[in-house]
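Here is a short briefing to read alongside the model. Please keep the viewer open as you go through the points.

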Amino acid sequence: MEGVRQWAYTACIAALLLSVLHGLLPAKDLSGVIKLVLSLYIILLLLDPSRIAQFQWKNDWDEPKQQQTTQQLDVTQTILQQAEERLEEQIKAQFALDGLTVNDVVVFCSEQEQSVVLERVVCYLPQEGQDEQIEQSLVRLLGYLPPCEVLYTQ
């Protein structure tokens with residue numbers, strides 16, 4: 001809608017300027033030709049599809065940057081949450097395969113350079129003495145030992 005408003009504003013300003021120009025020209029034999037040229041200019045201005053396309057293009061790209069950033073953050077947060085949930089499920093399944101009893105596993109991920117990075121793993125265990133087994137199980141599953149916290153709950 002903004003493009004139509006600007007287009008109408010430009011057409012009005014052009015019509016005013018052309019009428020002032022027409023008033024300043026001498027009224028002689030060329031008066032008819034000058035009126036024709038000025039009228040054609042106004043018609044071309046009104047019907048010029050490149051101006052309409054230009055305004056449409058401008059409106060397509062003039063979205064607020066903050067709205068785009070918010071949408072990107074929403075998508076990034078959703079991806080991170082899904083990655084954390086899937087990793088938690090895989091870690092719990094690996095612990096079950098290794099015969100470890102775990103109350104809960106919480107995974108913290110972040111986004112760095114458009115990649116999901118595993119920041120740390122927190123394991124809630126019912127009893128002490130399984131620290132090394134937890135670490136070995138994580139290395140088997142992930143191929144490396146991420147920062148890991150083992151907390152004991154009852």
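How many salt bridges does the count come to? The count comes to 3 salt bridges, where a salt bridge is a side-chain nitrogen of Lys or Arg within 4 Å of a carboxyl oxygen of Asp or Glu. This is a predicted model, in which local features need pLDDT of at least 70 and side-chain atom pairs count only at pLDDT 80 or more, while totals for chains, interfaces and linings use all residues. Residues are numbered from 1 along each chain as its sequence is written, and side-chain values use heavy atoms, leaving out hydrogens and water.

**Confidence**

- The protein chain has an average pLDDT of 78, and 79% of the residues score at least 70; pLDDT is the predictor's confidence in each residue, from 0 to 100.
- Confidence is lowest in helix H3 (residues 49-61), with a mean of 50, and highest in H5, at 91.
- Where pLDDT is low, the predicted coordinates should not be read in detail.
- Helices (H or I, at least four residues) and strands (E, at least two) are DSSP runs, numbered from the N terminus.

**The sheet**

- Three strands form an open sheet in the order S1-S2-S3, with mixed pairing; two strands pair if DSSP finds at least two bridges between them.
- Strand S1 (104-112) and strand S3 (148-152) are the edge strands, each pairing on one side only.
- From one strand to the next, the twist averages 20°; axes are lines fitted to C-alpha atoms, for helices over the stretch in contact, and angles run from 0 to 180 degrees between N-to-C directions.
- S1 and S2 run antiparallel and are joined by 9 bridges, and Val 105 has Cys 123 in S2 as its bridge partner.
- The hairpin of S1 and S2 has 2 residues between the strands, and Glu 113 there takes a positive phi near 55°.
- Strand S2 (residues 115-125) and S3 run parallel, with 5 bridges joining them.
- Cys 123 also stands opposite Val 150 in S3.

**Helix H5 and the crossover**

- Helix H5 (residues 131-142) packs on the sheet and touches S2 and S3; contact means heavy atoms within 4.5 Å.
- The direction of H5 makes about 140° with that of S3.
- A right-handed β-α-β unit is made by S2, H5 and S3; right-handed means that, with the strands pointing away from the viewer, the path from the first strand over the helix to the second runs clockwise.

**The salt bridges**

- Asp 104 and Lys 92 meet through their side chains at 3.3 Å, N to O.
- This pair links distant parts of the chain, with Asp 104 in strand S1 and Lys 92 in helix H4 (residues 65-97), 12 residues apart.
- Asp 104 is partly exposed at a relative accessible area of 30%, and Lys 92 is partly exposed at 38%; buried means under 20% relative accessible area, exposed over 50%, and partly exposed in between (1.4 Å probe, protein chains only).
- Arg 140 and Asp 98 form a salt bridge at 2.9 Å, N to O.
- Here Arg 140 lies in helix H5 and Asp 98 in the loop between H4 and S1, 42 residues apart.
- Arg 140 is exposed, with a relative accessible area of 52%, whereas Asp 98 is partly exposed at 29%.
- Arg 120 and Glu 149 form a salt bridge at 2.5 Å, N to O.
- Arg 120 is in strand S2 and Glu 149 in strand S3, so this pair ties together parts 29 residues apart in sequence.
- Arg 120 is partly exposed at 33% relative accessibility, and Glu 149 is partly exposed at 32%.
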